[in-house]
Structures are given as structure tokens and as C-alpha cells.
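This briefing concerns the structure shown below and is arranged by topic. Please read it with the coordinates open.

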Amino acid sequence: MADEKNTIGVLGCGTMGSGIAIVCARAGFKTIVVDTDERQLKRGRELIDRFFAKSVEKGKLTEAKKREIMQSRLTFSVSYEDLKECYFIIEAVYEDLEVKKAVLAKLNGICHVGTIFASNTSTLSITSIAAGSGRPDRVIGMHFCLPAQVMRLVEVTRGLQTSDETYQRTKELGEQLGQVIINTKDTPGFILNHFVVAFNNSCIRAYEEGRGKVEDIDKAVKLGLGYPMGPFELLDYIGLDTHLRVSLALYEQTRDNRFWPPPLVRRMVDAGHLGRKVGRGFYMYPEAGMFGV
Amino acid sequence: MEVRKVGIIGLGELGNGLVRLIALKGYAVQAVDKREERLIECKRWLEESGRRKEGEEWHDIASKVGFSTEIGGMRDCELVIEAIGEDLEAKQKLLRDLEEVTSHEAILGTTTSCHSVTGVARRLIRAERVVGMHFIRPVERVKLVELVRGEKTKEALVEIVDAFCRSLEKETIVVKDLPGLLVNYLFVPYMNQAIEAYDQGLASREDLDTAIRMGLGYPMGPLELIDLIGLDKHLELTSALYDRLGDRRFFPPPILRRMVDAGKLGRKTGEGFYRYEQSDRT
């Protein structure tokens, strides 16, 4: 296990980063989780610990195995320097092009020349993120779905400069992690957000036009189309602020009206009706706070 | 008013499904189609399901249904549902003829998903008794029915139809008489977007479908789904909605028209976005 081929770095310990760290550690990799925000790191660590504790409760994991994962396989740090020995790094830092570019440039000076940088971006271009990394041929997109520890799909995206070898190694790693890999072009939103953002905006527009009540539209989508969640349940789960940000990011890159956030989204964000996390979005959640901000 | 006998006109896939679904719940059904062979097919299908399926309600299912090429036998129906093709003129004329035949209290249901319910009811003297009933394929499996209140539809009749649908173990929503109602208004642009994305090389057909199924949890990927629905059916629907809405999202993607022109209609012809063996075609 000390072999560096088995060490993965996860950069950013928010919801996505924590989930990705679980996937890596669960698959047997030594996983180094770095977040410069100490509070975020602590919160992520607790989240991961809770996840494995649940696995023990469910009988999917022994207590001894959990201890081994938490104590020997997973390392938490606030320092980029600790990612030095990783052969593969997955970044899940804030979804902003300049932030991500700066992070990769910094890693470039720390990591081995052969280390691959994968970005978990959902809306930005891999080619753009790779520009300025000093190693654009070794940068690739690896978009995990939320929650990463449950969803098996990963969208793998090659930027214009990504090498065949980088792609092959990423694909192999994805399989070792037990994930299902699909390939997409480096276009805004890849597959999942390209469809779900447009669909959710259509649903919001249908509501604005008075085609149906929130509950009725959710019912139509679940019973009529067989989708697992209604669009408004999903939007409340994602967060209206996140939906606004993602919509604008896709619109900005495509000027495609399907991505333009309907006015109601901004009004809800301005009013603080952000969804589950605050207790109110399209629906009310009396047990607010349970879902953590 | 209580619904006891139901008339179904037009024995295509939708009409057949409705006949079986409604007869199975114990209603008397009068099934009508101009084409004699369709009546024979439907009857044979009911008899066969009566033999094949377990459960008492199935045994005498065929005996609950009367068959005719004429609408005269609908005189004592409390509810008549038309499920003929999406031809506005034909639907208007049929409802006009039904008005002559049925009692004044009878409710006339239209399954249209392309046309306005108000438009379908336009030539009637009593347009207030027309209610839109949009069933979704496969009609026996999908739980939802969209009920449409036309501009003149009487509220009390919507309630009767609603209770009737619930007796079929369906859930209902009442929607405005707008093109696409709710389900197709959301579904059709999504399908067009998928067809366009595939044409532009976003991903392989398999990866596109897998991503949607696994990443979004939809029951089917868009390309395998359109092959099942039929590319011609989708083209017809999206063209009709584009004509009425003028919304670019409903404009049929060029590749769709091309594939229809080439006879690649999906499973039923052996090729659509995927290829199918003979045995997978139905």
C-alpha cells in the first residue's frame, strides 16, 4: 500500500471531495485529502467517518476495516505539499475557472512530472482548466455525480490536449474505483448538466406560465416520465443558488436560451429560498437544518 | 352521474390498451373502429389475455366488450373516449357525430396531445361536455393521466372524469389547454436536445443513454426510448407542437427528418439510432 501508484490525492473537501475520497479509500487506495480551509477539512472528515460508520451498522464493513480505512488509508491535510507523492490527483475545489487554474499551476510545481490532474468540474471546459497547468496533456475531466459515494457514473472528458496515455490511465483508475466510465466531448455541461439544467429550467418556465402547480409538475414528471425525483424536489436538493450559478455558467458559454435561468430563480435566491438547506425552496422543510448548510 | 358503460373509438395501440384497462375494472365497454380487421384483432387479443392471465377478473374480459364498426351502439354510454389519429378535422367531425348519437349528459373524452381540446370541441352544440384525457403510453402501465379543461368544459364533468380515472387506479392532474399540456411540453424539447447532441458528437449513443440512465436515474436513455416510441411519431408530435408554439426548442432536428425519410423509424423497422434483430422489433 505504500506504493505511490496506489496514492490518490483529493483536493477540496466539500460535499463532492468528501464523496470522492470515500470512493477512493473504499476501493483500497491510500487517499490524501487536502483542503486549505481547516473547518471544511474537519467537516469533511466527520462526513466520511459517519459514512463508514453507517456502512458498519449496515453490515457492509467490519469495525476493524473501518478503523484501518480511517487511520491508515485516509490522510487529511491543509498543505498542498502533502500531495507530492500522489500519482493521480482529483480536484474538487470551488467551481471557478481562475480558482481551478491557479490550483493546478500550484500543484504543477509540487507533483511528479507524471502525475495526472483530473478535474471534477461539471460546467467548465477541461481545455481551459488545463491552460496554464504546465502539463495540459496530463489534465483530464472526471466528473463524479452527487452523491459520489452512491452514484457509480463518472463522465470522463478529454480536453484538446489530453494525451492518450492520460486517458488510458484515467479509464483504468475509474474501473479500479468500481465506477462506470462514459466519454464525453469537452462541451459545456458535458452530458448530465447539459440535459438536467435545460430540463429544470423548462420545468420552472412551465410553472411560471401557469401550466401547473409545483406539486403537479413533480407528479407529472415522476409518474408520466418515470424520473426518480420531480424537478422541484431536485432543485430544492441541489440548491437554487447552485442552480443559478450552473445555469449562468452554461449560458455564458453557449448563449443557448435553454440554459438561461428563468426570472423566478433569481427572485428565489434574492429571497433566500435556496432549498432544503435553509428550510425553504419550492417546498417548505420544517425540519430545516437537518441537511446542514 | 355514475359511469357504467364506456365507449372507445379508434383501436390503435392506445385504444386497445384503454379497452382492456377499462373492461378489467368491470365497466361495460363498447369498442368501435371503422376497420373491421382492427375489431377482430382487438377481440382476439382480449380472449388471449383472458386465457393467459391469472385472476378471475381476466376470464370473462372479452365478454364485457361489444364491438362495432358504427357508433350507434354508444347510445347508452355515459363516457365516450376518442382515440383516433391526430387529425383535427376527423376528431371534430367524430365528436359532432357522437353528439347526435349519445345522450345529452354523456361526457366526450378526447385523448389528443397535439390539438387544443377547445379546438376539438369547436363544432359541438354542447362543447361543455368535452374533457381532454391524455393517457401516456404504455397506457396500462403509466400511472398518470393529464385531464384538460377546455375553454367551455363544465367543471362538474372534469370531476366525474377524475373519479373515473382514479377508479382505473390512475393519478390525475388537471392542466391548462395549452399545446403539449405538461408532460409533452417538458419531454419533447428534452428529446430534441438529445437527438441534436448525438448528431453533434457529444458522446456515443451507448454512452449518452448510459449517462442519462445511471447519472440521472431516468428509466431509459433518450435514444433507446425514441427507437421504442418511433421516430415518425416523435417527428409528428414535435412538428405539431412547433407549429402551435413557434418555440425553437420544438423544431424537429434535421437528423430526425433525415432518418424518417430513410425509413429508420426505430424498433419497428429494425433500425433507428440502434439496429435491432428481428425478434426485438415489437
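Arg35(B) is partly exposed, with a relative accessible area of 42%; the term covers values between buried, under 20%, and exposed, over 50%, with a 1.4 Å probe and protein chains only. Arg35(B) forms a salt bridge with Asp33(B), the closest N and O atoms being 3.3 Å apart. A salt bridge is here a side-chain nitrogen of Lys or Arg within 4 Å of a carboxyl oxygen of Asp or Glu.

This is a predicted model, in which local features need pLDDT of at least 70 and side-chain atom pairs count only at pLDDT 80 or more, while totals for chains, interfaces and linings use all residues; side-chain values use heavy atoms, with hydrogens and water left out. Residues are numbered from 1 along each chain as its sequence is written, and chains are lettered from A and ligands numbered from 1 in the order in which they are written.

**Salt bridges**

- Over all chains, the structure holds 39 salt bridges.
- The partner of Arg35(B), Asp33(B), is buried at a relative accessible area of 3%.
- In chain A, the side chains of Arg73(A) and Glu68(A) meet in a salt bridge with an N to O distance of 3.4 Å.
- Arg73(A) is buried, with a relative accessible area of 9%, whereas Glu68(A) is partly exposed at 34%.
- Both residues belong to a network of salt bridges that links Lys65(A), Glu68(A) and Arg73(A).
- Asp247(B) and Arg249(B) form a further salt bridge, with their closest N and O atoms 3.0 Å apart.
- Asp247(B) counts as partly exposed at 23% relative accessibility, while Arg249(B) is buried at 11%.

**Cavity**

- Rolling a probe the size of a water molecule over the atoms shows where empty space is left.
- The structure holds 1 cavity of 30 Å³ or more; on a 1 Å grid over the protein atoms alone, a cavity is a set of points where a 1.4 Å probe fits but cannot get out, and lining residues have an atom within 4 Å of a point.
- The largest cavity has a volume of about 70 Å³, a volume being the space filled by probe spheres set on grid points that are joined across faces, edges and corners.
- Chain A contributes Phe195(A), Ala198(A), Phe199(A), Ser202(A), Arg205(A) and Arg258(A) to the lining of the largest cavity.
- Chain B contributes Leu186(B), Pro189(B), Tyr190(B), Gln193(B) and Arg249(B) to that lining.
- At least two lining residues each come from α7 (192-208) of chain A and α7 (183-199) of chain B; helices (H or I, at least four residues) and strands (E, at least two) are DSSP runs numbered from the N terminus.
- The largest share of the lining, 5 residues, is supplied by α7(A).
- By class, the lining has 6 nonpolar, 2 polar and 3 charged residues, where Ala, Val, Leu, Ile, Met, Phe, Trp, Tyr, Cys and Pro count as nonpolar, Asp, Glu, Lys and Arg as charged, and the others, Gly among them, as polar.

**Backbone geometry**

- Most residues other than glycine have a negative phi, and most peptide bonds are trans.
- The peptide bond from Leu146(A) to Pro147(A) is cis, with omega near -10 degrees; Pro147(A) lies in the loop between β6 (139-144) and β7 (153-158) of chain A.
- In chain B, the bond from Arg137(B) to Pro138(B) is cis, with omega near -10 degrees, and Pro138(B) is found in the loop between β6 (130-135) and β7 (144-149).
- Phe190(A) has a positive phi, near 45 degrees, and lies in the loop between β8 (180-184) and α7 of chain A.
- Phe190(A) is buried, with a relative accessible area of 2%.
- Leu181(B) has a positive phi of about 50 degrees and is placed in the loop between β8 (171-175) and α7 of chain B.
- Leu181(B) counts as buried at 7% relative accessibility.

**Nonpolar surface patch**

- Leu146(A), Met229(A) and Tyr237(A) make a nonpolar surface patch of about 270 Å².
- Such patches are made of residues with over 30% relative accessible area and no salt bridge, with nonpolar side chains (Val, Leu, Ile, Met, Phe, Trp, Tyr) joined within 5 Å and, for charged patches, like charges within 9 Å.
- Accessible areas come from the Shrake-Rupley method with a 1.4 Å probe, and for residues only the protein chains shown count as cover.
- Met229(A) is placed in the loop between α8 (214-225) and α9 (231-238) of chain A and counts as partly exposed at 34% relative accessibility.

Note on methods: On a 1 Å grid over the protein atoms alone, a cavity is a set of points where a 1.4 Å probe fits but cannot get out, and a pocket is an open set with protein on both sides within 12 Å along at least five of seven lines; lining residues have an atom within 4 Å of a point.
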